[in-house]
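Work through these exercises with the sequence and the 3D view side by side. Try each task before you read its solution.

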Amino acid sequence: EKKPLSKKAAVMKYLETHKKGLTKADAAEKLNVPNLSAVIAALRKEGAAIVCEKVTPKKGDPYFIYRLDV
């Protein structure tokens with residue numbers, strides 16, 4: 001039986017396979033990670049190079065996209 005990925009592993013895997021990045025909404029919906037910023041902080045502490053970009057759409061609220069810094 002396959003053990004589910006830890007939240008950190010799930011976020012890392014997603015960032016590695018989705019070059020467009022990960023938003024808080026996607027993390028909660030697709031990865032069941034309600035507190036993305038905490039997971040990102042933990043990954044950065046372990047040395048992961050993750051960049052954050054603020055996106056300000058014409059309509060709606062600004063949000064952040066996290067990507068691996070390649």
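**Exercise 1.** Which residue in β3 is the bridge partner of L22?

Solution. Keep in mind that this is a predicted model. Start with the strands: β3 covers residues 63-68, and two bridges join β1 to β3. The two strands run antiparallel. Now look across from L22: its bridge partner in β3 is Y66.

**Exercise 2.** Give the strand order of the open sheet, and name its edge strands.

Solution. First, recall how a sheet is held together: strands pair through backbone hydrogen bonds, either parallel or antiparallel. Next, trace the three strands here. Their order is β1-β3-β2, and the pairing is antiparallel. Last, find the strands that pair on one side only. These edge strands are β1 (22-23) and β2 (50-55).

**Exercise 3.** Describe how helices α1 and α3 are placed against the strands.

Solution. Take α1, residues 7-17. Helix α1 lies across β1, β2 and β3. It runs at about 80° to β3. Then take α3, residues 36-45. Helix α3 packs on the sheet and touches β1, β2 and β3. The direction of α3 makes about 145° with that of β2.

**Exercise 4.** Which residues touch the most other members of the largest nonpolar core?

Solution. The core has 14 residues. Those touching the most other members are V11, L22, L36, I40 and I50. Now ask where core residues come from. The elements that give two or more are α1 and α3. Helix α3 gives the most, with four residues. Finish with I40: leaving aside neighbours within four places in sequence, I40 is in contact with V11, L15, I50 and Y66.

Conventions
Residues are numbered from 1 along each chain as its sequence is written. This is a predicted model: local features need pLDDT of at least 70, side-chain atom pairs count only at pLDDT 80 or more; totals for chains, interfaces and linings use all residues. Side-chain values use heavy atoms; hydrogens and water are left out. Two strands pair if DSSP finds at least two bridges between them. Contact means heavy atoms within 4.5 Å. Axes are lines fitted to C-alpha atoms, for helices over the stretch in contact, and angles run from 0 to 180 degrees between N-to-C directions. A nonpolar core is a set of buried Ala, Val, Leu, Ile, Met, Phe, Trp, Tyr and Cys residues joined through side-chain atoms within 4.5 Å. Buried means under 20% relative accessible area, exposed over 50%, partly exposed in between (1.4 Å probe, protein chains only).
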